[in-house]
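Student: Could you walk me through this model, one question at a time?
Tutor: Gladly; let us look at it together.

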Amino acid sequence: MGTPPRKNRIGMVIGIVAGAVLVLGAIGAVAARVTGSGFPEARYRLTVPKTLVDGKYELVQDHSATAGKEALEGTYDSTVRDPKPAAGQYASESPKESGALVVSGMYGQFKDTAGARKKMLRGAADSEGATLAVPARDITPTGSDITLSCQVLTVRQSGVESSLPMCAWVDENTGATVGIVSEETAQQKPGSVDLAKTAETTLKVRAEMRQPIG
């Protein structure tokens with residue numbers, strides 16, 4: 001038996017990411033429909049564009065109205081007002097690198113941005129088939145004033161264990177968990193994954209998804 005074709009491997013990786021991030025309740029862990037004072041003005045929303053990261057990743061499926069909506073139903077958090085889901089699965093296929101990106105997010109009005117980041121990542125770590133391998137730590141990429149929280153999970157599918165790096169951002173109006181994987185990172189030891197690079201890519205995702213309301 002020869003080495004399996006590269007495409008088969010990345011197809012499995014995409015399945016791992018989708019299973020580990022989208023159906024996890026990363027957005028369901030932080031959601032509410034409440035009224036009260038002290039909430040920031042709603043000025044930004046999240047979109048699910050056809051491509052992300054300067055066209056590197058192409059949209060495979062928009063899960064906002066399905067898994068995203070289901071994750072928000074029946075949830076409550078007094079620090080979040082009027083959340084709406086934005087979730088998508090993306091893939092990248094090129095001669096140099098194949099990979100996948102999954103974003104599970106929402107937009108609304110957030111009182112406790114740091115707490116929301118922690119809850120999102122905790123929701124991912126608690127998902128079925130996932131194990132927290134590198135605990136979350138805060139990262140502020142060079143030249144940015146946005147602080148992200150990043151961690152590495154190990155996920156198992158069909159007897160194969162892979163590393164899954166992810167970062168979360170939450171500002172006053174938008175928040176999301178972004179899981180990014182390639183064949184290289186999937187096979188790395190969790191402690192060897194470059195979370196600073198994941199954070200930089202997550203900032204690009206934020207810039208391309210976050211749009212002014214109206």
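Tutor: One definition to begin with: buried means under 20% relative accessible area, exposed over 50%, and partly exposed in between, with a 1.4 Å probe and protein chains only. This is a predicted model, where local features need pLDDT of at least 70 and side-chain atom pairs count only at pLDDT 80 or more, while totals for chains, interfaces and linings use all residues. Residues are numbered from 1 along each chain as its sequence is written, and side-chain values use heavy atoms, leaving out hydrogens and water.

Student: Is valine 53 buried or exposed?
Tutor: Valine 53 lies in the loop between strand 2 (51-52) and strand 3 (57-62); helices (H or I, at least four residues) and strands (E, at least two) are DSSP runs, numbered from the N terminus. Phi of this valine is near 55 degrees, a positive value in a residue other than glycine. Most residues other than glycine have a negative phi. Because its relative accessibility is 10%, valine 53 counts as buried.

Student: And how accessible is aspartate 82?
Tutor: Aspartate 82 has a positive phi too, about 50 degrees, although it is not a glycine. The residue belongs to strand 4. Its relative accessible area makes aspartate 82 partly exposed, at 38%.

Student: How many helices and strands does the protein chain have, and what percentage of its residues count as buried?
Tutor: The protein chain has five helices and 10 strands. Of its 214 residues, the share that counts as buried is 52%.

Student: Where do the buried residues of helix 2 lie?
Tutor: The buried residues of helix 2 (residues 64-72) are Ser64, Ala67, Gly68, Ala71 and Leu72. Seen down the helix axis, they fall within an arc of 140 degrees, so they line one face; the arc is that of the directions from the helix axis to the C-beta atoms. On the other side of helix 2, the exposed residues are Ala65 and Glu70.

Student: How far is threonine 79 from phenylalanine 110?
Tutor: Threonine 79 is found in the loop between helix 2 and strand 4. Among the residues it touches are Phe39, Phe110 and Lys111, where contact means heavy atoms within 4.5 Å. Threonine 79 and phenylalanine 110 are 31 residues apart along the chain, yet their C-alpha atoms are separated by 6.0 Å.

Student: Which ring does the charged end of lysine 111 sit over?
Tutor: A charge sits over a ring if NZ of Lys or CZ of Arg is within 6 Å of the ring centre and within 35 degrees of the ring normal. Arginine 210 lies over the face of tyrosine 44, at 3.7 Å from the ring centre. For lysine 111, at 4.6 Å from the centre, the ring is that of phenylalanine 39.

Student: What is the C-alpha distance between leucine 164 and valine 181?
Tutor: Leucine 164 is in strand 8. Its relative accessible area is 1%, so leucine 164 is buried. Leucine 164 and valine 181 are 17 residues apart in sequence, and their C-alpha atoms are apart in space by 6.1 Å.

Technical notes: Lists of a residue's contacts leave out its neighbours within four places in sequence.
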